[in-house]
Amino acid sequence: MSRTALRICPLCEATCGLTLTIEGTTVTGARGDRDDVFSQGFICPKGASFGAVDGDPDRLRTPLVRRDGELREATWEEAFDAVAAGVRPVVERYGADAVGVVLGNPNVHTMAGALYPPVLLGALGTRSLFTASTVDQMPKHVSSGLLYGDANAIPVPDLDRTDHLLLIGANPLESNGSLCTAPDFPGRLKALKARGGTLTVIDPRRTRTARLADRHIAIRPGTDALLLAATAHVLFEEDLVDVGDLAPHLEGLDELREALREFTPEAVAPACDVDADVPRVLARELAAAPTAAVYGRIGSCTVPHGTLASWLVDVLAVLTGNLDRPGGSLFPQAATDKTPRPAGPGKGFALGRWHSRVSGHPEAKGELPISALAEEIDTATDEGEPIRAVIAIAANPVLSTPDGDRLDKALGSLDFMVSVDPYLNETSRHADVVLPPPPPAQSPHHDFAFNTLAVRNQVRYTRPAIPLEPGRMAETEILARLTLAVSGRGLPWSSEAESLGKYGADPSAVDALVIDQTLGKAVKDPHSPVHGRDPRELAGLLTGAGGPERRLDLMLRLGPYGDGFGAREDGLTLDRLLERPHGIDLGPLRPRLPQPLRTRSGKVELLPAPIAADLPRLKRAMAELPAGLLLVGRRHLRSNNSWMHNIPALTGGTNRCTLHIHPEDAERLGVRDGAPVRVKGAGGAVTVPAEVTDGVRRGVVSLPHGWGHDRPGTRLRHASAEPGVNVNQLLDGSLLDPLSGNAVLNGVPVELAPMA
């Protein structure tokens, strides 16, 4: 007999509610949950394929431990004891920084990935942290940190109320949105047009989103910051600046005007390969619209001036009075955010508190550029020890970062490696221990990160739809035990230091530590609703089935909508959330300034010193006109980076690894549609079928991201049958946005030749 269960989809940033059909312990179907307070029944092909993702036969079911050079099935006890025996000697001999931690994109799609890596990092004490952020959105974190004093204070477009939306480097009809959590993004764009609004898309490709737009500007890749700077220049030049109610919260407006003086439309037009009137039209339309929002994403982040482009997106919102304004760009307020504090100056945001050992890259938001991971492993210097052990959690950097061949070899040279991954993939095949989490249907779900980026305030939580299979271990327990296994002597949660790494150590100690520390700080905070209370009494009031749910209850109670442990009668608790299985709507986004600001001035600092210091580099780019072809990536609705190509329902058709090339370029180079071509970049070369299309502008070629499943030693049968090529192998990892350390993946010069 079949039954149904609710589940929040973890397969992209849209976080749609699903209704699963379950036969026994198997998910046999998935449809949109019409009663979900946020997604209201919307579903995309990934969500519809939830059962296939959940039931993929290539998912690992038991831990693997390397013995005599081969990965073999092992018990959980053997696996965690092997972790302790492999990691601790590295720390004791070479220091904590000799252990690198690599966090992949799927971490932000699970409760475990949000709750436990910070504790793991604290236990290790390592500064060698690398994440997918530096091949994705780190420029936005850095620009937000510099503007607002908080790297996670990212304003999102108010899609449902705006009159004018300018998208740059974004293709939400394929991605479902990113750094802007919005179920049914396509429907929201169509609703914008239906109510008489305007959609403008800036992209070198005529994407599905661009085809929906009122105006598509096919800019030369990598020149996003120049076009935005010229648009801001026009706002000043034509006296169109109107900051409105933002005026008391701004610092540096006059200095900003002067800093942008040289970025005239005529000066940037050749580099952008657009008419000089384009930035003028953009500026005038933004200024004239009743409300307007500007949204830049991965295409404007993964370029040489990604931080400047991200900064200018928000500058345009400020100059037109559309920051922190309904219909403009607003700061979401998630239910698990920290207790709101009174507005006032904060500690600000600092870059470069430490640097990478080999190339001296500055840290950003506590991370080093993941493009530098290989050199941090394989290069000796006098500046400290190389990385000798790696803990990779839901990460496949061999495919997702530049020069995978070098990283592949570097990982093979490590003293020890742990991988938390459901698959034996191109990266985890190097691990000495592989710890497989269960399928998503067997896991709880709450979106800690994505609710801080949502276009409407809401809160939802779903418990596991299917009980854990015998022999499986919850991902939360895996990461808690991993933390215990790598911990050294003297950690605060146990005086029994010698037993911490043993399998028998209680993983609930990790959750208890976090709860105790959080409540200990809260009761001392005069702005907290629990100031002055007994933390032990408060801990006793928490509900939930286990440590992770108790931590969620704690965050909800102390959060902006919480009950404050009884201080507010109608506030949020876990119990109240469980009573509302389709979620609780918390209302539209609201103006919040100056409360989110944590700059030293307590204001939006429009021209931070690191930004001002990087503007001369942008000025020099006005004279840089590439002569050859430029490479850009692309996404497909039925994929998400490298982790869905093993699902037959999500590959094939138009989701193929081909090189898009414009007909005129194809004719000039002798390239035939469907024929193999060789593409060469600074990091190597790949051979791939050509797909001739006018969907890409002249002088630009496009390869999708996440392919290249052709390495031996993996267990990805479907993916390896149609492996595609790794676009990141065309890159050598040397091109980075200097402020954020983000890899330059778009606008990269390549050479192309047809195969004989």
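I looked up helix H5 (residues 117-124) and helix H19 (residues 475-486), and found them packed at an angle of about 5° with their axes 9 Å apart, where axes are lines fitted to C-alpha atoms over the stretch in contact and angles run from 0 to 180 degrees between N-to-C directions. That makes H5 roughly parallel to H19, a term for angles under 35 degrees. I noted that Pro 117, Val 119, Leu 120, Ala 123 and Leu 124 of H5 meet Leu 479, Leu 482, Thr 483 and Val 486 of H19, contact meaning heavy atoms within 4.5 Å.

The model is predicted, so I keep in mind that local features need pLDDT of at least 70, that side-chain atom pairs count only at pLDDT 80 or more, and that totals for chains, interfaces and linings use all residues. Residues are numbered from 1 along each chain as its sequence is written, and side-chain values use heavy atoms, with hydrogens and water left out.

Next I turned to helix H8 (residues 185-194), in which Phe 185, Pro 186, Arg 188, Leu 189 and Leu 192 are buried, that is, under 20% relative accessible area with a 1.4 Å probe and protein chains only. I found that these residues pack against strand E9 (164-168), helix H7 (172-175), strand E10 (198-202), helix H9 (208-212) and strand E13 (293-296).

I then checked the loop between H7 and H8, where Asn 176 is found; Asn 176 has a positive phi of about 65° although it is not a glycine, and at 3% relative accessibility it counts as buried.

Technical notes
Buried means under 20% relative accessible area, exposed over 50%, partly exposed in between (1.4 Å probe, protein chains only). Helices (H or I, at least four residues) and strands (E, at least two) are DSSP runs, numbered from the N terminus. Angles under 35 degrees count as roughly parallel, over 145 as roughly antiparallel, 65 to 115 as roughly perpendicular and the rest as oblique.
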